[in-house]
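Reader: Can you walk me through this one? I'm new to it.
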Amino acid sequence: MTGPSDFDTHDDQFRAVCVLIQLPNSKILAVTRGSNLTALGLPGGSCKLGENIRDAAIRELFEETGLVLIDPSPIYDGDFDGRHVWAFSGSFRGTIQHSDEGQVVEATPEEILAGPFGDYNRRIFEAIGLV
């Protein structure tokens with residue numbers, strides 16, 4: 001990993017972030033996408049124009065889960081499907097709250113990889129030795 005710049009713009013690509021929260025029970029915090037309860041993914045989404053990628057990760061985790069990401073640490077950056085994606089990890093505080101975007105669930109890596117975002121998540125999981 002090259003280490004992301006806080007304001008890396010990748011002008012020619014769509015920028016996105018996600019957050020990997022590993023729980024003490026060896027599961028991962030995931031969110032469902034829409035009404036499909038098996039479409040699991042990591043909390044995340046697109047960066048706003050001019051937004052710092054760490055701030056985007058903090059914002060996306062809060063919007064989708066109600067949790068506040070503390071000391072976000074980059075664990076992956078790479079290109080996927082026309083997007084440049086950064087994944088962050090860190091500790092959190094707060095109480096889980098579901099959002100309009102989906103339900104917050106605890107899932108195994110295998111459950112996440114079996115969903116429609118499996119190829120995307122596999123790259124992140126492989127980069128950190130999770131699978």
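Reader: How many bridges join β5 to β6, and which way do the strands run?
Author: 10 bridges join them, and the two run antiparallel. Strands pair if DSSP finds at least two bridges between them. Strands here are DSSP E runs of at least two residues, helices H or I runs of at least four, numbered from the N terminus.
Reader: What is the bridge partner of L69?
Author: F92, in β6.
Reader: And what sits between β5 and β6?
Author: Two residues, making a hairpin. D81 in that turn has a positive phi of about 50 degrees.
Reader: OK, what kind of model is it?
Author: A predicted one: local features need pLDDT of at least 70, side-chain atom pairs count only at pLDDT 80 or more, and totals for chains, interfaces and linings use all residues. Residues are numbered from 1 along each chain as its sequence is written, and side-chain values use heavy atoms, without hydrogens and water.
Reader: Where is confidence lowest and where highest?
Author: Lowest in strand β3 (residues 36–41), at a mean of 87. Helix α1 (residues 53–65) is highest, at 96. pLDDT is the predictor's confidence in each residue, from 0 to 100.
Reader: Which residues of α1 are buried?
Author: Among them are I53, A56, A57 and L61. Buried means under 20% relative accessible area, with a 1.4 Å probe and protein chains only.
Reader: What covers them?
Author: The cover includes β5 (68–80) and β6 (83–93).
Reader: What caps the N-terminal end of α1?
Author: N52 does. A side-chain oxygen of N52 lies 2.7 Å from the backbone nitrogen of R54.
Reader: What follows α1?
Author: G66, with a positive phi near 80 degrees.

Notes:
Buried < 20%, exposed > 50% of the residue type's maximum accessible area, 1.4 Å probe, protein only. Contact = heavy atoms within 4.5 Å. Polar contact = N/O pair within 3.5 Å; in protein donor to acceptor, adjacent residues only side chain to side chain.
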